[in-house]
Amino acid sequence: MAIIGNFRMKDGRWSGTIRTLTIDVRAEFVPVTDRAQGAPDFRVVAGGAELGAAWCEESRDGETPYLAVRLDDPALPAPLRAAFFENDDGASGILVWSRTKAA
């Protein structure tokens with residue numbers, strides 16, 4: 001897994017930077033209020049534009065909560081899937097990505 005983002009909790013939002021070869025932006029995970037069933041728990045915004053969304057999930061063992069993140073941009077050939085993990089300090093977190101293995 002590669003770390004593509006570092007974030008800090010600020011004013012109820014995760015604020016930080018997402019960096020890949022094609023993305024280099026300041027971004028925020030903004031909580032969604034009044035969400036419908038199946039809607040994302042967070043919107044990922046950068047520069048006033050929506051870059052993606054995130055859903056609260058738990059690891060297969062049920063012990064590790066994380067955000068399942070989907071980022072999309074016209075410059076990308078397909079949506080990028082990533083995971084956001086809060087660090088033990090509760091004030092910082094990382095966004096990680098790994099390439100899906102071919103079947």
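Asp34 is exposed, with a relative accessible area of 80%; exposed means over 50% relative accessible area, buried under 20%, and partly exposed in between, for a 1.4 Å probe and protein chains only. Asp34 lies in the loop between strand S3 (24–31) and strand S4 (42–46). Its phi is near 55°, a positive value in a residue other than glycine.

Asp11 also has a positive phi, of about 55°, although it is not a glycine. Asp11 is placed in the loop between S1 and S2 and is exposed, with a relative accessible area of 74%. Most residues other than glycine have a negative phi.

## Basis of the values

The structure is a predicted model, in which local features need pLDDT of at least 70 and side-chain atom pairs count only at pLDDT 80 or more, while totals for chains, interfaces and linings use all residues. Residues are numbered from 1 along each chain as its sequence is written, and side-chain values use heavy atoms, with hydrogens and water left out.

## Overall architecture

The chain has zero helices and eight strands, in the order β-β-β-β-β-β-β-β from the N terminus. The radius of gyration of the chain is 13 Å, close to the 13 Å that the globule rule gives for 103 residues, so the chain is as compact as a globular protein of that length. The radius is taken over C-alpha atoms, and the rule is 2.2 Å times the number of residues to the power 0.38. Helices (H or I, at least four residues) and strands (E, at least two) are DSSP runs, numbered from the N terminus.

Along the principal axes, the C-alpha atoms of the chain fill a box of roughly 35 × 30 × 30 Å. Of the 103 residues, 33% count as buried.

## The barrel and its strand pairs

Eight strands close into a barrel in the order S1-S2-S3-S4-S5-S6-S7-S8, with antiparallel pairing. The twist averages 30° from one strand to the next, where axes are lines fitted to C-alpha atoms and angles run from 0 to 180 degrees between N-to-C directions. Two strands pair if DSSP finds at least two bridges between them.

Strand S1 (residues 2–10) is joined to strand S8 (residues 92–97) by six bridges, and the two run antiparallel; Ala2 stands opposite Trp97 in S8. S1 also pairs with strand S2 (residues 13–19) in the antiparallel sense over six bridges, and Phe7 stands opposite Gly16 in S2. S1 and S2 form a hairpin with two residues between them, and Asp11 is in the turn. Strand S5 (residues 49–58) and S6 pair in the antiparallel sense over seven bridges, with Arg70 in S6 as the bridge partner of Ala53.

## The largest pocket

The largest pocket holds about 700 Å³ of space. A pocket is an open set of points on a 1 Å grid over the protein atoms alone where a 1.4 Å probe fits, with protein on both sides within 12 Å along at least five of seven lines; lining residues have an atom within 4 Å of a point. Grid points are joined across faces, edges and corners, and the volume is the space filled by probe spheres set on the points.

The lining comprises 21 residues, of which Arg81, Ala82, Trp97, Ser98 and Thr100 lie nearest the centre of the pocket. Strand S6 (65–71), strand S7 (80–86) and S8 are the elements that give two or more residues to this lining. S7 gives the most, with five residues. By class, the lining has 13 nonpolar, five polar and three charged residues; Ala, Val, Leu, Ile, Met, Phe, Trp, Tyr, Cys and Pro count as nonpolar, Asp, Glu, Lys and Arg as charged, and the others, Gly among them, as polar.
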